[in-house]
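The following exercises are to be worked with the sequence and the model at hand. Each task is followed by a solution in steps.

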Amino acid sequence: MLIYKEKRVNMLKPDVISRLRKIVGKESVLTAKEDLIAYSYDATATWVHLPDAVVLPTTTEQVSQVLQLANEEIIPVTPRGSGTNLSGGSIPIKGGIVLCTTKMNQILEINKTNLSAAVEPGVVLQDFNIALAKEGLFYPPDPQSFLSCTLGGTVAENAGGPSCAKYGVTKQYVLGLEVVLASGYIMNLGGVTPKNRTGYELATLFVGSEGTLGVITKIVLRLLPMPPVQKSMLAIFDDMVVAGNAVSNIIANGVMPAKIEFVDNWVIRRFEELMPMGLPVEANALLLLQASGSPETVETEIRQITEICHSSGARETKLAKNQAEADKIWKTRSAAMAVIFSAAQTVLTEDVTVPRDKIAQFIQSCQQISKKYDVSIPLIGHAADGNIHPHILTDKGNAEHFERAKKAMDELFVAALALGGTISGEHGIGLEKQHFLEKAMDPMAIELMKQIKKILDPNNILNPGKIWTEEKG
Ligand SMILES: Cc1cc2nc3c(=O)[nH]c(=O)nc-3n(C[C@H](O)[C@H](O)[C@H](O)COP(=O)(O)OP(=O)(O)OC[C@H]3O[C@@H](n4cnc5c(N)ncnc54)[C@H](O)[C@@H]3O)c2cc1C
């Protein structure tokens, strides 16, 4: 945890600030303390650090010139979209420049024949979805921060979301990228064709690279036709573990719903306290499900899901009768994090992912860890992916409680790894999970990542201090 350090403010040489102003314009360089504070945190609860300046470029050429300057002066540059990430990825932990792409927010092309779109990195996902819907097109990756997260941020994090169960995560939709390297070189990778087997898959290397390898300035995304029918339903369970087993059973029976999301009793009750929606407060867990496709497919899938939920122990299933009811179901998921975050001073949000046949076991582990450390751990998650988000409720102002919460977090990582899972399904490593990287990844693979970073960014200016712990000295 870091605190604001007064001495870091404006530690860039005055001539650097004036050169930045020449590149992007006076109004696009922020140095006032109140502005710097706004870019010193993200959606994590414990990380905060002031940058020395915030730069808001509008063109690739400007990004290139900013990076050339930063590389020459060895100034850290932290790329940033909307700052909604949950791993400390956009925290300027070494100070320097925050390079925020929110002014690069143009949808450059939507091509119905190529089923592709070219966008600037600062386009907000919801704006993109609205534009696509008008054309009858669909971009599946749907992080539940869709109202504010940028497409650049989602590519840099390889974001997932409820629909990724059936349709795949962001990396499956990136056809091409324009990336500015630390040297300022503007590199183009991939293109618009759905197939491209020219050399290594270098575009994929930048997907999920958390702003450490280059600044993404243009993205070409693969699209799908909008599924003609989508139907949503709720399955109500008296036991969380039984709900977890139901998820495994649905998939094992050859049914792949578009979405299966998990919400526990703590979250249901909190919803009903804050904004009553008629959720069953006595239920121990809900599964929120969606089938999508042709009318016949959807009808068959909904019947199969209903049968499997009941045979797996669901107390009740409810099919949404209209769009308003379906919207209510999905509000339960999209607002769940806000509902949880309002309940404690500090919330540690994790996104461990376990094999789909181990979901129930992992839920049991969460329950045991919650008891062992006497901390509340509400659970939501993209259950169909085995991607569970335990939220540890704590207060970083209460050292003893916070210590217990951090121990609980580490034990959740251990439990996920023991089940053959991973410490992050979609939120990335950033600062939050780097202390666990060595337990989760082959040492040679970590070394390879460091070598790749050294080749692309020899002066270590791009988002330094992220993903792995840097050696001292
Ligand atoms: C309520 C809520 C719900 C969420 N739900 C989900 C979910 O369902 N699934 C999921 O995957 N995530 C989820 N997230 C996390 C978050 O929204 C995603 O990680 C998202 O991809 C971040 O986008 P952003 O624009 O906010 O990026 P930021 O947070 O600004 O940046 C994220 C990372 O990308 C880098 N970066 C940003 N832009 C660029 C660029 N142009 N070039 C290079 N690097 C760049 C940054 O340096 C940083 O490392 C949720 C967050 C919240 C607050």
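Predicted model: local features only at pLDDT ≥ 70, side-chain atom pairs only at ≥ 80, totals over all residues.

**Exercise 1.** Determine which residues aspartate 457 is in contact with, leaving aside its neighbours within four places in sequence.

*Solution.* Step 1: contact means heavy atoms within 4.5 Å. By this criterion, aspartate 457 is in contact with Ala182, Thr212 and Leu462, once neighbours within four places in sequence are left aside.

Step 1: locate the residue. Aspartate 457 is placed in the segment after α16 (443-456); helices (H or I, at least four residues) and strands (E, at least two) are DSSP runs, numbered from the N terminus.

Step 2: examine the side chain. A polar atom of the side chain of aspartate 457 lies 2.8 Å from the backbone nitrogen of leucine 462.

Step 3: classify the accessibility. Buried means under 20% relative accessible area, exposed over 50%, and partly exposed in between (1.4 Å probe, protein chains only). Aspartate 457 has a relative accessible area of 1% and is therefore buried.

**Exercise 2.** Describe valine 347 and identify the residues that line the largest cavity.

*Solution.* Valine 347 belongs to strand β16; at 4% relative accessibility, the residue counts as buried.

Step 1: list its surroundings. Not counting residues up to four places away in sequence, valine 347 touches Ala45, Ile340, Phe341, His391, Ile392 and Leu393. Valine 347 and aspartate 395 are 48 residues apart in sequence, yet 7.6 Å apart in space, C-alpha to C-alpha.

Step 2: define the cavity. On a 1 Å grid over the protein atoms alone, a cavity is a set of points where a 1.4 Å probe fits but cannot get out, a pocket is an open set with protein on both sides within 12 Å along at least five of seven lines, and lining residues have an atom within 4 Å of a point. Grid points are joined across faces, edges and corners, and a volume is the space filled by probe spheres set on the points.

Step 3: apply the definition. A search of the whole structure finds 1 cavity of 30 Å³ or more, and the largest cavity has a volume of about 30 Å³. Its lining consists of Ala43, Thr44, Ala45, Leu86, Val347, Leu348, Thr349 and Glu432.

**Exercise 3.** Describe the place of glutamine 345 and decide whether this residue is buried or exposed.

*Solution.* Step 1: glutamine 345 lies in the loop between α12 (336-341) and β16 (346-349).

Step 1: at 67% relative accessibility, glutamine 345 counts as exposed.

Step 2: leaving aside neighbours within four places in sequence, glutamine 345 is in contact with Thr394 and Asp395. Glutamine 345 and glycine 397 are 52 residues apart in sequence and 8.3 Å apart in space, C-alpha to C-alpha.

**Exercise 4.** Give the volume of the second largest pocket and the residues closest to its centre.

*Solution.* Step 1: the second largest pocket holds about 800 Å³ of space. Of the 29 residues that line this pocket, the closest to its centre are Val207, Gly208, Glu210, Met441 and Met449.

Step 1: the elements that give two or more residues to the lining are α7 (202-206), α15 (437-440) and α16. The largest share, 4 residues, comes from α16.

Note on methods. Residues numbered from 1 in each chain as written. Heavy atoms only, no water. Polar contact = N/O pair within 3.5 Å; in protein donor to acceptor, adjacent residues only side chain to side chain.
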